[in-house]
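Welcome, and thanks for taking a look at this one. Here is a short briefing to read alongside the sequence and the 3D view.

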Amino acid sequence: MPLRRTLAATFLTIAAAGAVLAQNPIEARIQRIANGLVPPVVLEGRPVATTRLADRMRDSRIQGVSIAVFVDGRIDWARGWGFADVESGRKVDERTRFQAASISKPVAAVAALALAARGRLSLDGDVNASLKSWKVPENEFTASSKVTLRRLLSHSAGTTVSGFRGYAKNEAVPTLVQVLDGEKPANSAPVRVDIPIGSRWRYSGGGFSIVQLLVEDETGKPFAQSARELVLEPFGMSRSTFLQPLPPELRRDAATGYQSDGRPIDGNWHVYPEQAAAGLWTTPSDLARFAIELQRIAAGRSNRVLGTDLARQMLQPQMEDYGLGVGVEGTGTSATFGHGGANAGFRCQLVAYRDQASGVVVMTNSDSGGAILQDVVRAVAREYGWPGLAPVTRRLGTADPAAYADFAGRYEIPTRSPAVVLRVETESGRLFASAGDTRSELLPEDATTFFALDRDFRIRFVRDATGRVSEARVWQGTRERTATRVP
């Protein structure tokens, strides 16, 4: 074809695509979001560097992504990208089921609170009064204060076992009581109280396994059945289930989980008998329906399952930045609730506004999916003009690199259990902060205050009367904590 005719055809194609987007504002929104992922922090006076979802998926080997956006109580759009299963060529669409991982916890919390609303479970009474098939073992920490449903749902019951790795294709799967006692074939430690109850916030999937047993003992039914009757059906979550393992008839729409190197999880996914903590299979649209209905109940516009008071308690901080089964952040119109999730081969995020039924759900079938979750959330918030979720703007200042050696050291944030240890290091005239596997370069805001670009993190180093740096003030988002310097 002559060059002139080729160019003419190209221009006609572009013009036609532009016309389609002009006639379909939702599609135009989706394209702007997919082509405009934004970082957590931007520098004042500099353009925002955006990235494309397709490029990020390719670079991080994320096989599939599914997104649902809801606005003012209705799902605005839902869309899938990439593959639910690479080998078969099956694409992700809005009907594809993903493992919700820890987003199971908010849904499980509503199931337990529904029983509390009916007077069948006590929110603040000793859970051992309701447990029949197993009891929380008594020890010095339970002598003066008891484990309650409120404490379990807010991760303040002092219970152990942060999370669960699930069971691969050929592994034996334990019963729930075996999980709670750490008895084989369970691959996790026993769930026990090992710090004073109510003394601090500590994430505990083990605590939610106690909640699961509470629901089963009270209803006399398997948790998956009770959760379906108490939450999934009333909330219209028709493509969701807590059944583990996933029944054969539901597997044709299930996403295969992938490791960070792109290889599939053995058996396509793990099995999670810890259903309340990590066992929900669902779609972004169903999680959007969940968030919409929960917000409507809290706002007094619905009376399904829970009363307004219980729903409002669920969405208010109980300890630190956690309510009853959900994380809660921000104030005023920026107040949000939500949860993240990480199972083998799956990463996902739910964010919703407390005072309006708007938000976004992002689900991926890759261990690398966490790399894009918040970037997608920010891109959606930027497109819709939502408060509190847009990138944070920082001003780049100056600091004397000769002082960096004074800042280097270990700092302990004791409010959580175990305490978070922050390591500050110098390298080639630059400053870095590490916590766990996360390492970020620190850029100066002024002589003693620094910030990261890859997350919303600031730190200010504080000198004592002798001039020695003895502590640091740390901001993660809007939350401020004091970190004490330790040997």
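**Helix packing**

Pro106, Val107 and Val110 in helix H4 meet Leu287, Phe290 and Leu294 in helix H10. By class, this contact of H4 with H10 has six nonpolar residues, no polar ones and no charged ones. Please keep in mind that the model is predicted.

**Geometry of the helix pair**

- Two packed helices are described by the angle between their axes and the distance between the axes.
- For H4 (residues 104-117) and H10 (residues 284-298), the axes come within 11 Å and cross at roughly 45 degrees.
- That angle makes H4 oblique to H10.
- The handedness of the crossing of H4 and H10 is left-handed.

- Arg394 has its place in strand S11, which covers residues 392-394.
- Is Arg394 buried or exposed? Its relative accessible area is 13%, so Arg394 counts as buried, the cut-off being under 20%.
- The side chains of Arg394 and Asp456 make a polar contact at 2.7 Å.
- Leaving aside neighbours within four places in sequence, the residues in contact with Arg394 are Val41, Val42, Leu43, Glu44, Glu445, Phe451, Asp456 and Arg458.

**Gly80 in its strand**

- Gly80 is found in strand S3, residues 74-85.
- Not counting residues up to four places away in sequence, Gly80 touches Val65, Ser66 and Val92.
- Thr96 is 16 residues from Gly80 along the chain, and the C-alpha atoms of the two are separated by 8.4 Å.

Conventions. Residues are numbered from 1 along each chain as its sequence is written. This is a predicted model: local features need pLDDT of at least 70, side-chain atom pairs count only at pLDDT 80 or more; totals for chains, interfaces and linings use all residues. Side-chain values use heavy atoms; hydrogens and water are left out. Axes are lines fitted to C-alpha atoms, for helices over the stretch in contact, and angles run from 0 to 180 degrees between N-to-C directions. Helices (H or I, at least four residues) and strands (E, at least two) are DSSP runs, numbered from the N terminus. Angles under 35 degrees count as roughly parallel, over 145 as roughly antiparallel, 65 to 115 as roughly perpendicular and the rest as oblique. A crossing is left-handed if the near helix is turned anticlockwise from the far one by less than a right angle, and right-handed if clockwise. Contact means heavy atoms within 4.5 Å. Ala, Val, Leu, Ile, Met, Phe, Trp, Tyr, Cys and Pro count as nonpolar, Asp, Glu, Lys and Arg as charged, and the others, Gly among them, as polar. Buried means under 20% relative accessible area, exposed over 50%, partly exposed in between (1.4 Å probe, protein chains only). A polar contact is a pair of N or O atoms within 3.5 Å; within protein, one must be able to donate a hydrogen and the other to accept it, and residues adjacent in sequence count only if both atoms are side-chain atoms.
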